[in-house]
Structure formats: C-alpha cells, structure tokens
Amino acid sequence: MFCFNQNEQAMKTPAIQNDFSYYRRIVSRQRIDSTNNMLVSTELANRMSLFYAHATPMLKVLSEATSKFVHDNADDVENTTETLGTMAKVCLRMLENPKLLQQIEREETHLLVLRVMVGLVILYDHVHPVGAFARGAHVDVKGCVRLLQAQPAIKAEPLLNALRYTTKHLNEENTPKNIRNLLAA
C-alpha cells in the first residue's frame, strides 16, 4: 500500500519537515517570491511543511477522504464499514491460512497484504461511529494484532505503531482492556 510506504519513509526521515521549515525561513529572509522561478514556491513549501508535520501524512489524507465520503453519503455508512471490515478479515484469513500463505511467493506481496490489512483497520476505525476496537465491530482487531506480533519486528513495528498512533478510538472507554494491552508499546 503506497500510503504505508510513504509514511514509513516520512517516519524514517523526520528531518524532511525541518528541511522545509529551513527553506521557508531562508526564502523569507531573502524576500524571494514565487515570481523568481523558484523550484518550490513559498506557498507549496508551506503546504508541504504542514503535510509532513503529521506523523503519518498519507494515512491522514486517506482517512480524511474516506471520512468525507462517508459523511457525504450517510446512507452508505453501514455498507462502507462492512466492506472495509470484510476486506480486513480476508487479508487476515489469507495470512493465517498456511495453504493460502504458501501461494504468496514474494516477500513484497506478503508485506503488501499486511499493510492493506492494517490500513483497512485504521480506515474502519476512522469511519465507523464507535470504531474498530468496540465489541461487535466487523474487524478482528485482536487477530490482526496477534498476526502482526508474530511477524519479524522490522515488518511489524511500523504497522503496530500505525495502529497505536493513528487510530481514532483505541484509547476510548469502550475499547476492551485486552486489546489496549496487546497494543501497549
């Protein structure tokens, strides 16, 4: 999932936001405006700096777009959340089933399915009124977390961190303590 690749790079390169801030300061000191054929205009540098200020910028944009879609199509909330939940379950079952797992030949494909699963859980959590962690949700969060924890840390940690820090309802009262404990850093 492109969004997780992009976010991983942003988290591994925290200086990028500082670089845009530095660029903005230099440009403002030199009173350069966008008419001087700058590679990056001041306005674009400002927008990029704000974009990268968020821990997972691509996921934030994707979550906001999905939430807007659901808000604009209020009649489809149940269809949307059920679809997201079902797709997350399909990814989970695919990775849990040894026969299906054997059919995945490339490591990149395995990682892609893990990323898609986590992305779907996060989107579900942002879109559903009570989130992915509440009892009765269409998502097997416990199964997803356990599967991630069984992966090598290099694969699992960025995805577990995405669940820890980009979900909307994890720290709410209706989240079962066993799920909060599973995701405790």
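This is a predicted model: local features need pLDDT of at least 70, side-chain atom pairs count only at pLDDT 80 or more; totals for chains, interfaces and linings use all residues.

Author: A helix axis here is a line fitted to C-alpha atoms over the stretch in contact, and angles run from 0 to 180 degrees between N-to-C directions. Helix α4 covers residues 57-72 and helix α7 covers residues 107-127. Their axes lie 9 Å apart and the angle between them is about 45°. That angle makes α4 oblique to α7, because angles under 35 degrees count as roughly parallel and 65 to 115 as roughly perpendicular. The crossing of α4 past α7 is right-handed.

Now the residues. From α4 come Leu-59, Leu-62, Ser-63, Thr-66, Ser-67 and Val-70. They meet Ile-122, Leu-123, His-126 and Val-127 of α7. By class, this contact has 6 nonpolar and 4 polar residues, and no charged ones.

Helix α8 spans residues 141-149, and helix α9 spans residues 153-166. Their axes come within 9 Å and cross at roughly 150°. The two helices are therefore roughly antiparallel to each other; the cut-off for that label is an angle over 145 degrees. Here the crossing is left-handed. Val-145, Leu-148 and Gln-149 make the contact from α8. Ala-156, Leu-159, Leu-160 and Leu-163 make it from α9. This contact counts 6 nonpolar residues, 1 polar and no charged.

Now the cysteines. How many disulfides does a search of the whole structure find? It finds 0. Cys-91 is in no disulfide, and the nearest cysteine sulfur, in Cys-144, is 8.4 Å away.

Finally, the setting. The protein has 10 helices and 0 strands. Along the sequence, the pattern reads α-α-α-α-α-α-α-α-α-α. The protein has 185 residues, and 41% of them count as buried. Among its contacts with a separation of 6 or more, 66% are between residues 24 or more positions apart.

How values were computed. Residues are numbered from 1 along each chain as its sequence is written. Side-chain values use heavy atoms; hydrogens and water are left out. A disulfide is a pair of cysteine sulfur atoms within 2.5 Å. Helices (H or I, at least four residues) and strands (E, at least two) are DSSP runs, numbered from the N terminus. A crossing is left-handed if the near helix is turned anticlockwise from the far one by less than a right angle, and right-handed if clockwise. Contact means heavy atoms within 4.5 Å. Ala, Val, Leu, Ile, Met, Phe, Trp, Tyr, Cys and Pro count as nonpolar, Asp, Glu, Lys and Arg as charged, and the others, Gly among them, as polar. Buried means under 20% relative accessible area, exposed over 50%, partly exposed in between (1.4 Å probe, protein chains only).
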